[in-house]
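I opened my notebook to record what I looked up in this model. The entries follow the order in which I checked things.

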Amino acid sequence: MNRASAIGEWHRALKALGSAEVLLREEYEADAVSRAYYAIMHAAKAALFVHDVATTSHVGTKRMFGLHLVRPNRIEPEWSGHLAEGSDERLAADYDVHTVFSIQEAERECTRARAFLDRVRHYLIESGLAEEELSAET
């Protein structure tokens with residue numbers, strides 16, 4: 001396990017989720033959608049570091065998540081769908097000027113991110129990380 005990288009990615013995931021929630025409250029829907037995806041992506045990378053798997057791209061993270069976590073039944077397949085769907089939404093939010101997100105859609109993405117982080121948090125703890133290591137940085 002690459003403990004330091006797993007913890008570092010986990011804390012990035014928490015900060016991205018916090019940012020998404022602030023952006024949602026301020027009604028910056030597209031930006032909230034984008035940051036919610038980054039929360040998911042960083043959490044996925046944290047889970048991969050449990051197995052010493054490092055990725056350098058979004059596509060690589062999705063692929064390795066499936067290969068190292070879903071295929072061996074370490075994490076349920078639906079969580080891979082969260083990663084893929086969040087990625088699609090993030091691309092639209094960041095690059096498609098014709099896509100407009102409603103507050104409800106942005107809330108849905110933040111909810112998806114919170115659920116993903118909750119699942120990954122349990123996985124990290126099951127894998128030997130301590131609650132204290134995963135708590136929000138002060």
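This is a predicted model: local features need pLDDT of at least 70, side-chain atom pairs count only at pLDDT 80 or more; totals for chains, interfaces and linings use all residues.

N73 counts as exposed, because its relative accessibility is 68% and the cut-off for exposed is over 50%. I placed N73 in the loop between α3 and α4.

I then turned to E27. E27 is not a glycine, yet its phi is positive, at about 65°. It sits in the loop between α1 and α2. Is E27 buried or exposed? E27 is exposed, with a relative accessible area of 54%.

**Helix α2.** Next I took α2, which runs over residues 29-49. I counted 21 residues in α2. From first C-alpha to last, α2 reaches 31 Å, close to the 30 Å expected at 1.5 Å a residue. How many of the residues of α2 are buried? I found 18 of the 21 buried, so α2 is largely enclosed by the rest of the structure.

**L48.** L48 is buried, with a relative accessible area of 0%. What does L48 touch, leaving aside its neighbours within four places in sequence? I listed V53, T55, T61, M64, F65, H68 and L69 as its contacts. I also checked L48 against D96, which is 48 residues away along the chain. Their C-alpha atoms are separated by 30 Å.

**α2 against α4.** I went on to α4, residues 78-95. The axes of α2 and α4 come within 8 Å and cross at roughly 145°. I noted this crossing as left-handed. On the α2 side, the contact uses A30, V33, S34, Y37, Y38, I40, M41 and A44. On the α4 side, I wrote down H82, L83, G86, S87, E89, R90, A93 and D94. The residues of this contact divide into nine nonpolar, four polar and three charged.

**α4 against α5.** Then I looked at α5, residues 103-126. The axes of α4 and α5 come within 11 Å and cross at roughly 145°. I noted a left-handed crossing for α4 and α5. From α4, the contact takes W79, H82, E85, G86 and E89. From α5, it takes R108, E109, R112, A115, F116 and R119. By class, I have three nonpolar, two polar and six charged residues for α4 with α5.

**The core.** I finished with the largest nonpolar core, which has 43 residues. Which of these residues touch the most other members? My list is W10, F65, F116, L117 and L124. The elements that give two or more residues to this core are α1 (3-25), α2, α3 (58-70), α4 and α5. I marked α2 as giving the most to this core, with 14 residues.

I followed up L117. Leaving aside its neighbours within four places in sequence, L117 is in contact with W10, A13, L14, L17, A39, I40 and A43. I also went back to F65, another name on the core list, and found it among the contacts of L48. F116, on the core list too, is one of the α5 residues in the contact with α4.

A general note for the page: in soluble globular proteins, nonpolar side chains tend to be buried together.

Terms used
Residues are numbered from 1 along each chain as its sequence is written. Side-chain values use heavy atoms; hydrogens and water are left out. Axes are lines fitted to C-alpha atoms, for helices over the stretch in contact, and angles run from 0 to 180 degrees between N-to-C directions. Helices (H or I, at least four residues) and strands (E, at least two) are DSSP runs, numbered from the N terminus. A crossing is left-handed if the near helix is turned anticlockwise from the far one by less than a right angle, and right-handed if clockwise. Contact means heavy atoms within 4.5 Å. Ala, Val, Leu, Ile, Met, Phe, Trp, Tyr, Cys and Pro count as nonpolar, Asp, Glu, Lys and Arg as charged, and the others, Gly among them, as polar. The expected span of a helix is 1.5 Å times one less than its number of residues. Buried means under 20% relative accessible area, exposed over 50%, partly exposed in between (1.4 Å probe, protein chains only). A nonpolar core is a set of buried Ala, Val, Leu, Ile, Met, Phe, Trp, Tyr and Cys residues joined through side-chain atoms within 4.5 Å.
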